[in-house]
Structure formats: structure tokens, C-alpha cells
Amino acid sequence: MSARAHATVQLPARREVIAVLRVMYENVLGHQMREGRLRLSSFPASVRHPSLLGLLVIGVFLVSLVFSDLWRAGDLALVRATSGGRPAAFVPVALLPVTLVALAITWSVILWGAARASLPMAAAVGFAFLALNAPLSRPPVLAIEGVPAMQVGPTVAQAAYYATPLLSLSLHLARTRLPVAVTWALAAALVITVAALHFVQLAIHGETLRRGFESPIPADLDGTFMGMRGLFAPLVFVSGIGVIEFAYGISKAAVVPFTGLSEKVAVGVLAAGLALKLVLIVGTDLDGWAGYVRERPEATLHAIATVAAFAAIALLVRRLRQDREAVDRALEPVTYTGAVALALPGILLMLVLLLALALVAQFRSPIGADIVRNVQVGAFIQNGNVVVWVLVLAAGAWLLHRARAASLEIGLGLVLVAAWVLHIVLWQAAETYPGLRMELVDLVFSAALLGYVVLRWRRLDTRGALGVGAMALFAWLFTTEGDFIGVTGALLGLDQVIVVAFGLVFALLAGSSFVTGNSRFFPRESRPLLWLGYLALSLVILNWSRATHGGDSGAEAGSRAFLMLGVPLAAWLFMRNPPVLEAAARGPA
Amino acid sequence: MRVSLPRWRVAVAWALTLTTILGVTGAAIRVSLPSENEDDLDRLYPRALGTAWTYATTTNGKPSGLAVSQVIGNALLGARQSASLIETRHEDLFGRGAPSRRVSYVGREGTQLLLYGQRDSEYRAVDPPQPILQLPARAGERWSWRGKSGKTDMGVSVGAVRSLDVEVLGTRRTACIEYRGDTVLIGGSGNPITILFTSVLCPGIGTVRTREDSEELKLVYEQELIGHSTPAGSVASGRVAFPPPSASAAQRVLTGTRAAVGELDTGRPLWTDTRRARVAFPPVGTGDWYIVAEEDGYVTATERATGMLAWRRQVPRPIVVPPALTGNLVLVADGAKALHAIDLRTGITRWTKRLADIVSAPPVVADGHVVVAVEDRTVRGLRLSDGEQAWSRETVTLVRAAPVLAGGRTILAEESGRLHSLDPATGARAWEVALDDRLVAGPAAAGDLLVAADDEGRTHGFDAFTGELRWSTPIRASEAELAVDGRIVALRLGRDRIAALDARTGRQLWQSRLGGPSRRAPVIVGDTVVALTDDGRLHRLAIAGGRAAEPVRLTSPDASAPLTVSLPLALLDDALVAAVEAESRWQKTTLIALSTTSGGSRGVSLEGRVWPVPERPWMAGTIAGEELFVPARDGAVYSVRSDGSSTRLMSGATGTIPFAVPAGGLLLTQVGSELLALDRATGATRWKQLVGEPVLATSPAVVGDLVVMPLRGTGLVGLDLATGTPRWIHRQTGSGTSSPLLLPGGDVAYAVGALVRLDARTGTIRWTISDIDVFGPLAFADGLIVGAGFIDDASALFAVDAETGKERWRQPFEPGALVSPAAGAGTVVAIDERGAIRALELATGRHRWSATLRGPAAGPPVVVGDLVAVAEHGRSEDLFQRDYRITLHDVATGRLAAAFEPPGTSFSSLGGFGGSADALLAPSTSFGPIVLSLRIAR
């Protein structure tokens, strides 16, 4: 925690307000940014500038994502016909070229990063490039004589498709062994092949349109993106958790101005506030709640049991050594591990399917077609989730067992998240999962807090009361799944996807410290390039998905992140870094 | 090592990089956007799909009804000339008391808009293409054209006279152009007919006024625009005489129920309808019509009773949601953000509403308003009368599920699971509730119960009038529609289970496994829940207990193609309609209607088979065993085997080869004026005989070891089958082109100059009736010979007692070219030159039923048992057409039994469809010329 946060005592009124605001900023953003902001200044120019290009794509596509419906004001092109109950999907015609240009930049950044990574990492990225771009390697064309794009386009696309990962690997090998000029020549060739793969699609698209035919390229690209959709799930998960972190910061900051209240006033206001909250939630829809409790007793019990279970765990872990700095440091690894673990079965499935499709596209392989036809998506994801989360649970338990401050917090976080996810996954597999209404969790939690306040009426001091208030506020902000951002965005005419965009920006500002780390497998210089490249690629796909209205996967993934990761992470933050003392400690005396 | 570059160099590098990226992106956008170089030609004659013009007409100063022109599709003439297909309908053309329909092919080449041809009953190519408009479009410009339209010599001279402002549909239009000119027609008599014309065309609209004046025809014909509709919107003056659309509540196809399960268990269909294109949505319909939307934007309206197509038209592809039917309007949402209201009976656009985005859910109609959800996350209320927007509401997420009507309100469900009950007239919200999670199934309503299922694994029942939760059951419905009636809620679980919940309490009553994956929701028919598995099996589960009856297997005509089912079942009045799809090269979707009442199922399924023919055939040919013998236009006769291989039995013929008739080990055919008997195995000529010039649709009759063959201009000859030696000659001449008809007992009948019955062995005349000429084969059934042609110099359909030679009856009739009548099951069926089918009682000649094809017949009707098959030719000049169509009807009532669209086109304007009781044969194209054989599977 910053020492400046304490320097607000006994100041004139105006400066006191500024000081309070500063403390609030510290709680919401300042502290997190110092700890976790993406920093590129320490990297060499050959990493920094391409990373900035990646950031440029991210910035442009974040804006595009928030205003994605504006694209649809113009002409649309069909990318998917109605099939088996799934609606037809259309892409705004102007989005196609912008997306292809962005893909060319993004893949250049990623492959440049791969060239600076370890050999296994470079090979993995090359493999991913082949798997993800297989459909683009054989663009469908009309056989029209005398049109270069139609005649040589497919050949150029295929050559570029195979040459690109080879050049990336060559670059990796040449970077430390061959003269700089060769390295730069290979880098230029890499950029040219990536550009060729994508711009050939544009040329074919343009020529097809010019001849009055419907271009197959938008549908082809959409098919590619459909296969890659799983890729952006971790991004949405991370952004969802970013929103939760932000909400936590806001909750802590919101109570700062009230630290000057007397104990009685603070406790009274808190009790009244909690009671008012309960009245507002229940009283405005008494019949609805009564009907819900009557018709959904098991879901009601689940919500109560959830609050009770986390409270019990909180009491249990009080015995463990508490280190707020360690909790701060552990938040990022727990978040990213959880996000990756939650997305992993989907990503693995995506890679299997894309590989199978690549086999079909490149070699007309019947094996590939068999895999695509026979893979049991539901079973793969369900069983995959169980396996992955059992491994995460085991890893968490092991870290917990080591009992070092840092690993203890990571271990506890992972155990909580894994246990929570497993209970849902297994329950859902049994087809008896009763559901969990977050509004009810908020209600139960608020009622419990009110009970706590009443029981400890005389013993609760201002700090304690403000801590409880912050908890109540956080519970509300959290259980609305980022609606507070959505509602704010809606006031500005923005779509609900603003929540995802906000979470992502927050993750970049406050949750990207791992980029400055280093390891043999994942060297420091490759990290910003691969991380920003991944984010840019995911955003390009997410933006396409949003603009085509091809299934609101972003919203689905966001809800999943809140339920699966958000609930246990919020509980973990409450247990290990509660606002009870902290908020008060940071306020004026 | 870190290299530090000067700041200015970094700035320049970044400036260059960003400039390059922006430049490339700008260029890429420019390349990718469709060309929008609309010029005067496009503005003065808009040809966007769906554009319609309605005119009030007068003939010689007297009102002569409405004339409506409409762009109904895109055509491809020949190999490369694309054109717009413009249909013009007149209520009362030139005041003659009869409606008319004509399609014109109009396309653009450079600075000219050209007319390539026109079709009413037959196609008339315009050669060379006639410029109907050209650039520059300004006063003083003139052009002229001379050429042929079909067989008529024509000359047209046109000039742009002046530019003017015109009051059109209540709006002042500027920069309109008045054209004047004359058309000179030289018909068969050689006398020229001159028509003076004046037209006024306005930019963005097209022709607003025309006047045609001919002294020779004593005709002054005028048209004035009174309604105009484009994909961007519609304008109509108050004088449009359209009947007001009925303001009744919308018909929800899936909510109907029947008292009985009917004949679902027999598997015999009420009718089947096989389309060559993929059907995008289950059909919607009334008791009289059904509407089918196809993947490529075509919508068709079919008369249920006879299976005749009322209309077929295209909207910008694809159609995005199932069409909705209300009163006399069909609501179709296209892929260009427009909602079209189309007249159910005529296919004419009543209005078009351009929306901000694609329609996202099927529209519903209530209280005189169309409630439509749009992908810009709005729900809009449009006035049913003119499509104008009455109200709009925003939603948080998209509405994809079909809205339902309950208690006079529209209930919409957002993807997020939020349900809204709205007043359809004002958009006012009555209530709003949220499910626990994303919507996965529903909403569905029955009475005051509303049901929807969420992604959290719960199915909820609400009070549809108040939104109050009545029950919530932990059961995870799969993504699909729900079926609800007053007793149960039927839903799909997992991949292959159906569950039933008590509609009052939500309690689960039963679950039943289907034994195969099913992608779509069940429907409730009477006391049965009906579900369809993806492999085309129809499962029937009793509402009480879920007991399963033996499933019924549905089939598609291409038995070799994998079959799948992806569309939901539909209930059309008394029929449950399933759509099975086949991965076939020559057919895609078959609609199979099963009767839900008793005694209605007289339809048939068809089993098709493709015979690839090396060259375009003259006709369908003849099947003998596992071989098809077919004469082709390359002058050869081919034997095509069932495995697709073929042998050329004969070649080198020039001109028509009118038949290829197998007879024992020989194949009889005609080359030039010679009848040839070929060895069926080797093609070697066994014998040949002079018989005169060949005539299409004439063929020999084989009677034991004798061939009876018409001798053109002479009469009939009886030839020894083995040697070709003439055994007898019967001399009889006339203007007809009949074939000998084999009668029971070995006699033959022939009708050129006179109708005669002969002993085929000797040529001895049994009886004769003079002054009869027919132009195709005769028909025989129930002891009567039936023919169509001239009898006593009057065109007629007649029946003669085969035994006595006495005429039983005759009816005035104009037979179509080479389309002879067919008889069977106590009925005679004939098709006239305009494509009107007439079915008469065979014994008496009394009217039984009639129907009208949209164009000329592609061949004679074929009676197969109690069914008759007819084929309409379609528009063979257009490679995109799909009006080539075969329908089978109950011969006694005309009721539709099956409809089938062969792929491609029939080859000749003379048709070629034929067949026998064994198989119907249709020449066609599917990646090359084919003959398609269709067998009837009952």
C-alpha cells in the first residue's frame, strides 16, 4: 500500500477533499496500476514498437467492439445461411477489409513474438497459425480467365500459409546465429507472407464483387472465426474478473469519505442502509420472491448454502497467516490460471477440430472428416472440465501445503476456485443442478451482514461498520455482473459489451504485470508481443462475432466467468483481504 | 543490446507505418464495397428485386382494371446473360374480360437497357435484344431498333421528347422524361400494325404513365401509376383497389391441435412436395394454401387442393425468418433489411418496409399491427395496412425466438431470458419478467399459460396475462421450440429424449427415449406427442404415459443420398408437415404432409433415379428392364444402363429422331425417312424400311411379331418385326400426326383423316369414323378410345366406343402441341394449349375437375393407377428457373398426391415428359443431361 495514502490528516477542507479523492483513486485504480500495469518502456525498440502496433489494434477494436452496431448501418453480406434452427448471420461489408488488415498486423506481431520465444513456444505458435488459418489457405474462387486474383490467388494464399510458420521458425533460429541483415530480411519476408495470405482474400473478394457475383470470402472468414471462437473465452474471463476487481476497488473507495463519522452514526447508517437494501430488493417484488422461494426451494437453499459455506471457510482460514501484499500478488496468477483452466477444454476442442479441418482442407483427409463428424462436443467439454479442475485443485492443495506466504495465497485461491467450479460442473453433469440466482445470493449475504450488525451493535466501531458497508456494496456490484458499468454505458448510449471492453482495459492497466516476468520457456522479450497479439486477435474475433450477431458468445462467456470464477474469487478476496480494516486504515482519522 | 534511435526517426517511422496502415485499410475498404454507380438508367428503370408498379388502366377510355409489374427474380439466359425477371399481370387486358400474365427478361449492357425476350404461354426471344432505354437520358436523344420478337418482325423508333416535372402519388417529381415513339409489327398476314406510344419515366420510380394508340387495332390503352413499392419502401395513392387485409390474429403454425392422430401410423402421406432447392423454414399455410420459403430467397404459394403453384417470386437472399401468414398477406423478411407484405393470392407486393437491420424473429400480427423484432435490438409495431411504423421499443439483447400471442398481447423473449408482454397496437408493456439465465427454448403459449426454458436447466410456467410465475421445474430443455396445450408441455431433453410436464403444475409426467438424435421440438397432435429424429423417423408418444408407437420412416426420392431432418414439424390445418433433406445432386428438400384426420391420405412418395445421358435427349425415352433407350440431339440413340454407363447404338442421324422403342431383342427407331430395327446389344442394323419424314410424338405399335407404323402421307403399314417385310398397308390420309394405339385383343386404332380400328395382323378395318385428325397418341380405357384434335373441323376432346366405333361424347377443346389426353380410373385428363388441365368423366364427358398450370405442359398427362401425372414445362430459356414441375393428382378429384421439381430445365419447348405405369420419365439436367425416372411408392 502507498504511504501517500496516509498523508491526508488535518488538512484544510479543499485539500482534504482532494486527499479523500486521491485515496479513493488509490483504492480503485492507482494501487492496482502501479502493481500490475503493462509497461513497455523497459523493452527494446524491436519489441516495444511492434507491441505498440498490437496495442493500436486493441485500441481500435475496443472502440469498434463498443460501437459494433454502427457497422451494421451499412450494407451487409451473408456469411451463414439459416441452418438447423440457427439464424442466418450477416457481416457488415466494410468490416471485412478492416478485419483482414487487423489480422495481418496481429499475426505479424504474434509471429514476431514467437520468433523471440523459446523453440517449443515458437513451434507451438507456428502450429497454431496453421491450425487457425487453414480455411484461408484455400480461398474459393470463380474460374475466370484473365483475372490474376482468381488465377494465382489460391496459389499465393497456399504458399504464404506454409511459408509463414517456416519463416517464423527460421527467424527464431537466425536471430541469435546469423547476421542482423539476414534477420531483418527474414522479418520482412514474414510480414510479406502474412500480408499476402490476408490481402489475397481481399483481392479475390473485390474481383468477385466487381463481376457481380456474391463473394465467398466473408463466409470463409466467418467459418475461420467460428472455429477460433473459443480463443477469446479467456479474454472475456479475464475482463470479467477485471470488472470484479474494479468493483472491489470501488466498494473500498466508496466508504472512504465516511471514515469521519462517529461509531453510532456509522453503525446506524449501515444498519439502515442494509435494511433499506433488503426492503428495496424484497419489498418491490414480494410476490415474485415468494413465488421463487416456493417454486425454487432447492435454488434458494443453494444460495443460502453458498453464503454459509464461504462464511464457514472464512472462519476456517482465519488461522492461516494473512498477508495483504501476498494476496495482491496472488490475484493475477489465480485469475489467469482460472481463466485458462476454464477455457482449456474449449480451446483443446477447438484445436482438435481445426486440425481435423486443416487435414480436410489441405489433404482431403477422411480422418479429418471423421473427427469433425464424430467428436462429442458436450462430453468432451464436460469431462475435460472435470479433469482440468481436478488438476487445478491438486495444484492448489500442493501450493497450500507448501505454506509460504505467496504460494499459500495462490494455493488457497486455486483450491477455492477449483472446488467451486467442480461442484457446479459435477452437479450439472448429474442434470440436477438447481441454479444459483446471484440476486438471491446478494439478498442472503446482505441479510447475514444485517444480522451481524445487529448482533455486534455495541461492539462495532466505525472502521468495522464501513468495512461491512463496503462488503454490502461489493456484493451488490458483483452480483449484478458488471451491470453498474453497463448501466453507466447505457446512459451514454453504449451496448452491454462495454462491460467486456472495460474489464479488458482494466486487465491491461492493472493485471498485466506478468508481462515483465521472465522464464526460459517464455522469455521476457516475447511476452508483450504474444500477450498483446493474443488480445488483439481475440478482440478482432470478438468484434466480428458481435458485428455479425453470430451468437453472443461474449455475453455467455462473461456470465460464465462471473459464476465460475467471480464467486470464489470474490469470496477469497473477502476472506484474505477484507475491506473491514483496510478502508478505515486508509481514511482520515 | 539496446539500440536507441533518435526520436525524430521513431516519429517518422511511426508516421510512415500508420500512413501505410491507413492507406491499405482505405484501399481495402474501397475494393470490398459493392459498386454503387447508379446512373440514369438504373434510376429511370429500377430493377431491384421486389420492385413493383401498380397502374390503373383504361382501354378506349373505359377502365380496364389494374396492371401490376413486378421484379420477381433473376434470370440467366443462355450461358452468360443475366437479366431481371419482370412479371406483368393485367386484371383485364384491353378490357377483354380475361386476366393475363407475362414475364419479360430485361438486362443491362453498357449504356442500354435491353429486352431479351418475353413469355406468356410460350417464349418469344427478341433478336437482337431490343433497347428499351439508353443513355444519355435527356431530351432530344433518339434510337431505333428492328428485329424479331419470336416470329414477328418488329421495328421500334423512340425519342426522348422533353424533361418535365410530374405529380406522382402525391409528390412532385422532377427530372422526369417523356418518351414518344412508334412500334411497327408485321405479323403472319404481312400487314403492318403501327402503335404510337408515349411514356413518362421518373427517376427512382420508373414508368409513371403510358399511352398506346393504334388505328389498325382501334385501341387506345392508357396506364397511370397508382402504387409503387421498392425495397426501400412503398407509396400508394388512395385509389389503389386492393382489398384491405384482414386484421385477424396471426396464425401460429405450431399451436394447432387435432382431435385425432389420423393416419400418422400408416405413413401414407396426404401429399409430398419435393423441391430442388433447400427449404429454409417449415411451410406456413391455411386450409387452402401453403407458403414455402427457400434458401435462395424464393417464396412460393401453392394451392393445397391441386398442388398448383399460384406464384413464385424472389426477395434478396436469404429469407431470414419463417414467413408469417395473416389473412391475405404473407410477411417475408429478406436479407436486405426489408419486410415485404405480399398478397397471398397473387404474389404482388402490398408494401415493403425498409428496417434499420435484419429482422431477427418471425413477425406476428395482432390488433391490426405487425410486431417485428429487428437485429438493431428493437421491437417495432408496423401498421398492417401500409407497413408504416406505429411504435418502437428497445430491448437489451436480441429477440430471436418467435413471439407468441396471449390474451391479445404479444409476448417476446430476449436471448438473455427477459420476457416482455406488449400491447401490439401501442407497444405499451403490460409486464416483464426475467428467467434465471439465457433463454434456450420457447416461449410457447396455450390459453393463459406461457412456458419458457432457460440455460440454467429450468423450465418455467408463467401466467401469460400477468407474468406471474406459476411453476418452475428443474428440467433442462434442449434448444428448440416447445409444444404446449392445455394438458401438457412437451419438450426435448438432451439429444434423444422427449419429456412431458403437467401444464398446470410443471410436474414431470414422463420421459421417453427416441432411439436417435432429434434436433427439433415435438408437436402435440390430439392425444399424441409427435417428434422427428434426424434420420427421418416419425415417433408418436401417447400424451398419457408417453407410450411409444412403432415409428414411421419418412423417405426422400433420392434413396442413395443421406437423409437428414433439421426443420421443425409444422401443422397446417389437417396436415402435419415434415421436411426431410437429402444431400442429393438433383433434389434437396421433400415436404411430407401426413393427415391428422382419418381418410385423407391418398398421397404418394416418389422414388427417383438418375440416368445420365451423353447428349441432350429428344425426349425421355423408354425403359426396358435395366436399360433406358433414348434418342439424342447429336443424332445418336443411346442405351443407358442403371450403373450410369451407356452405349451408342446408332449415330449420324440428322433432324428429329422421334422414338426409340424396344421390341424383343430389337430397338426400333427412325432416322430421316427410314424406320430402323437395331440389335439392342450391338446396335447393328437388322433391317430398315422407308416410312416418310419423322414427326415428334409419333411412334410404332408392336403387336406380337408385327410392327404397326404410320406411313407419312399414306396411312399405316404392318411390318414383320424380324425382317421388316411389309405384311399389309392401310391407306388413309389426313392432316393429323397420330400414332397407332394398341387395343386389347391385338387390334390398333389410328386417327389421321379418320378414326379407324384395324386388325393388326391383317390390316382389316373393323370400323371407321370419318373427319377426325388428332395430333398425338390416342388413349384407351374402360372400352373407350379418347383423342384430342379436329372432329368435323371443330377442335374437340372426344370419346368413341372401341367395340362399336360409336361416338360417346365430345367437348370443345384446344389441345396443346403434342400433348395427347390420358385416360384411366374412369377419367380422361387433357391439357389445353394454355396449360389448363381438364378432367372429365370418361363415360359421359362430364366435368370432374380442372386446374391451371403456370405455363404449357411438358408432355402428355400419364395415368398411373388412380393417379395422373402432369408436367409443366417451366421457362427453359432461363437457366435459373425452377418452374419445370411434375405433379401427381388423384385422377378422380384432382387432389394433390405429390409434386416434384426436376433439376435444371426440360430440353425442348415441346417438352419430353412421358412414362408409363412403371415409371415417369423426365428429361432434365444435373451436371449434364439426364433422364430422371420416378416410381410411385405408396
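Across the interface of chain B and chain A there are 5 salt bridges, each a side-chain nitrogen of Lys or Arg within 4 Å of a carboxyl oxygen of Asp or Glu. This is a predicted model, in which local features need pLDDT of at least 70 and side-chain atom pairs count only at pLDDT 80 or more, while totals for chains, interfaces and linings use all residues. Residues are numbered from 1 along each chain as its sequence is written, chains are lettered from A in the order in which they are written, and side-chain values use heavy atoms, without hydrogens and water.

**Interface of chains A and B**

- One of the salt bridges joins the side chains of Arg317(B) and Glu214(A), at 2.3 Å from N to O.
- H1(B) gives 11 residues, the largest share of the side of chain B that touches chain A.
- In contact (heavy atoms within 4.5 Å) are 46 residues of chain B and 53 residues of chain A.
- The two chains bury about 4,000 Å² between them, 54% of it on carbon and sulfur atoms; this is the accessible area (1.4 Å probe) lost on being put together, summed over both.

**Disulfide**

- The structure holds 1 disulfide over all chains, meaning a pair of cysteine sulfur atoms within 2.5 Å.
- Cys176(B) and Cys202(B) form this disulfide, with their sulfur atoms 2.0 Å apart.
- Cys176(B) lies in strand E9 and Cys202(B) in strand E10, so the pair ties together parts 26 residues apart in sequence; helices (H or I, at least four residues) and strands (E, at least two) are DSSP runs, numbered from the N terminus.
- The torsion about the S-S bond is about 105 degrees, so the disulfide is right-handed.
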